[in-house]
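Biologist: I have a chain open on my screen and would like to go through it with you. Can you put it up on your side too?

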Amino acid sequence: MIISNYEWLVPELMDVVRLFEGAEELSVSHTCNEFINEFTVDGQTYLFDRQDRAESELERKSLIKRYAKLALYKLLSARFGKSLPWGALTGIRPTRLAYAEIEKGKSFERLFREMQVSEENIELVRRTIAGQEGIYERKEGNCDLFISLPFCPTKCVYCSFITAPIGKTRQFIPDYLAVLEKELKAAKPLVKNLRSVYIGGGTPFALEAEELERVLKAVAPLVKKDTEYTVEAGRPDVFTKEKLELCKQYGVTRICINAQSFSDKTLEAIGRKHTAKQVEEAFEMARPYGFIINCDLIAGLTGESYEEFCASVDKAISLDAENITVHTLCLKKGAKLKEEVSALQEGELSAMIAYSRNKLTEAGYEPYYLYRQKYMAGAHENVGWTKKGCASVYNIDVMEESADNLAVGANAISKKVILGEGRIERIGSPKDIPTYLDKVEKLIEDKNKLYL
C-alpha cells in the first residue's frame with residue numbers, strides 16, 4: 001500500500017511496486033516536493049534529491065512522475081537485490097518516449113540509462129526506430145481503420161479479451177454484421193489519408209465464408225489500391241481456401257497466423273483445438289495467394305520449456321514468415337491462466353527472450369515495433385520482427401500513436417491524435433456485444449463530432 005501527498009502519483013508508483021514480487025506487502029509512505037522524493041518503508045526513510053527545471057506545467061508534472069518512479073525503483077531494486085530489463089520505465093511505448101527525446105534534439109539513450117534500462121534494451125529501441133524509417137510519420141489527416149470481430153473457436157486460457165467461444169455468441173452474428181455495416185458506411189466521410197486497414201478479433205476466420213464476405217464487402221468502399229490491408233486470420237482450425245480466396249479478391253495484402261507455439265502439448269494446455277502440424281498446413285494453404293504472413297509466438301506459456309519455445313522460434317523462421325511477433329506472457333485480470341499458474345522462473349524467461357532476439361537477428365529479421373503491458377512476466381516486452389520491406393504500417397502507427405485510429409465494432413477504441421497539442425482523444429465502444437448493438441447510433445454520432 002502506498003500513501004502519497006500527490007494522490008495522482010499513487011497509480012504510477014504502484015506500477016513500479018508491481019514489478020517486484022513481494023513489494024505489495026510493504027507499507028510505503030511518500031512525500032514529494034517538486035523533484036525531491038522522500039519514501040518511508042516499514043519505518044525506514046529514504047531521501048532522493050534531484051535538481052532540475054521544467055519549461056512548462058506539463059513538463060513539470062512529467063518530471064515529477066519520472067523522478068518519483070525512479071526513486072522508488074532504486075529503493076526497491078536495492079531492497080530486493082533485483083534489476084529489471086526496462087528499469088524504472090513502466091510505460092507501454094518505450095519508442096514513443098525515445099521519439100519525444102529525439103524531437104527535442106536530445107539523446108534518448110541518456111534518459112534511458114538514467115532510468116536504468118539495460119544496454120540490450122537501449123539497443124533494441126535504437127534498432128526498432130531504425131526499422132520504422134520511411135514509415136513512421138506524424139502528419140495531420142493520417143488514419144488507420146480497425147474492424148473488431150470478437151469471435152473465436154475457443155477461448156485460450158491466457159486471453160483477457162471479450163471473446164467467447166463462437167458457439168455461445170453465434171446468435172449475435174447476424175445483428176452484429178448489420179450494425180458493423182452501418183458503422184463502416186458512416187465511417188467513410190471521416191477517413192482522410194487512409195494508411196492501413198486491420199480486421200482483428202477475436203479470430204475473424206471463425207466466421208463462415210459468407211459472413212466474412214459481408215465484412216470485406218462493407219470495408220471495400222474505404223480501401224484504395226495501395227492501402228495496406230490485414231486480416232488476422234488467426235488459428236488454422238478455421239482456415240479454408242474459400243476464405244483465403246475472398247481475402248485476395250477484396251484486396252487483403254497481409255494475414256496473421258497466430259501459432260503461439262509449435263508444441264502440441266502447449267497448444268492443448270492453453271485451450272487450442274488444433275495441432276502444430278495444422279499451423280504448418282495453414283502456411284502452405286496461404287502461400288499461393290501472395291500474402292505477407294505474420295506468425296505470433298508467446299514466451300512463457302505455462303508448462304513450456306526453454307527448449308520447446310526455442311523450437312517454436314526455429315519453426316516460425318523455417319516457415320519463412322515475413323513477420324514474427326514474439327510476445328511475453330501477460331496475465332491480465334479476466335485471463336483464466338492468471339488464476340491457475342505462477343510466473344516462470346525469471347532466468348528461464350529472460351533466456352527465451354534472448355534466444356528469440358539472437359536467432360531472429362541471425363535469420364535476417366529486424367525489430368520494427370515494440371510495446372509493453374502491465375502484468376507481463378519478467379517485466380519484458382512484445383516485439384514485432386520483420387524481413388526487409390515487410391514492416392506493417394498499421395502496427396507502427398498504432399504503437400507510436402502517430403495517426404488517427406478509427407475503430408468500429410465491440411470493444412474497439414477510436415483515437416484522434418491532436419498533433420499540435422500533443423494529446424489524444426478516445427471513444428471506446430462497449431465490450432459487451434448486446435450493449436454495443438444498442439448503442440451504435442450514439443457511437444456514430446460521437447465519432448462524427450470527433451473526426452469531422
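Modeller: What follows is a short walk through the chain, from the whole to its parts.

Modeller: This is a predicted model, in which local features need pLDDT of at least 70, side-chain atom pairs count only at pLDDT 80 or more, and totals for chains, interfaces and linings use all residues. Residues are numbered from 1 along each chain as its sequence is written, and side-chain values use heavy atoms, with hydrogens and water left out.

Biologist: How many helices and strands does the chain have?

Modeller: There are 15 helices and 17 strands. Helices (H or I, at least four residues) and strands (E, at least two) are DSSP runs, numbered from the N terminus.

Biologist: And how compact is the chain?

Modeller: Its radius of gyration is 23 Å, close to the 22 Å that the globule rule gives for 452 residues, so the chain is as compact as a globular protein of that length. The radius is taken over C-alpha atoms, and the rule is 2.2 Å times the number of residues to the power 0.38. Along the principal axes, the C-alpha atoms fill a box of roughly 65 × 50 × 40 Å.

Biologist: What percentage of the residues count as buried?

Modeller: Of the 452 residues, 55% do. Buried means under 20% relative accessible area, exposed over 50%, and partly exposed in between (1.4 Å probe, protein chains only).

Biologist: Let's move to the sheet of four strands. What is the strand order?

Modeller: The order is β1-β2-β3-β4, in an open sheet with mixed pairing. β1 (2–4) and β4 (44–49) stand at the edges with a single partner strand each, so one side of each has no neighbour in the sheet. From one strand to the next, the twist averages 15°.

Biologist: In which sense do β3 and β4 pair?

Modeller: β3 (residues 36–41) and β4 pair in the antiparallel sense, over six bridges. Two strands count as paired if DSSP finds at least two bridges between them. V41 stands opposite Q44 in β4.

Biologist: Which helix packs on the sheet and touches β1, β2 and β3?

Modeller: That is α1 (residues 10–17), whose direction makes about 145° with that of β1. Contact means heavy atoms within 4.5 Å. Axes are lines fitted to C-alpha atoms, for helices over the stretch in contact, and angles run from 0 to 180 degrees between N-to-C directions.

Biologist: Which residues of α1 are buried?

Modeller: They are L13, M14, D15, V16 and V17. The buried residues of α1 pack against β1, β2, β3 and α2. Helix α2 (residues 57–80) lies across β1, β2, β3 and β4, running at about 35° to β3.

Biologist: New topic. At what angle do α3 and α5 cross?

Modeller: α3 (residues 94–103) and α5 (residues 119–131) cross at roughly 75°, and their axes come within 10 Å. The two are therefore roughly perpendicular to each other. Angles under 35 degrees count as roughly parallel, over 145 as roughly antiparallel, 65 to 115 as roughly perpendicular and the rest as oblique.

Biologist: Which residues make that contact?

Modeller: P94, T95, A98, Y99 and I102 of α3 meet V125, T128 and I129 of α5.

Biologist: Last one: is I424 buried or exposed?

Modeller: I424 is buried, with a relative accessible area of 16%. I424 is found in strand β17 (residues 423–428). Leaving aside neighbours within four places in sequence, I424 is in contact with R96, E401, K415, K416 and V417.
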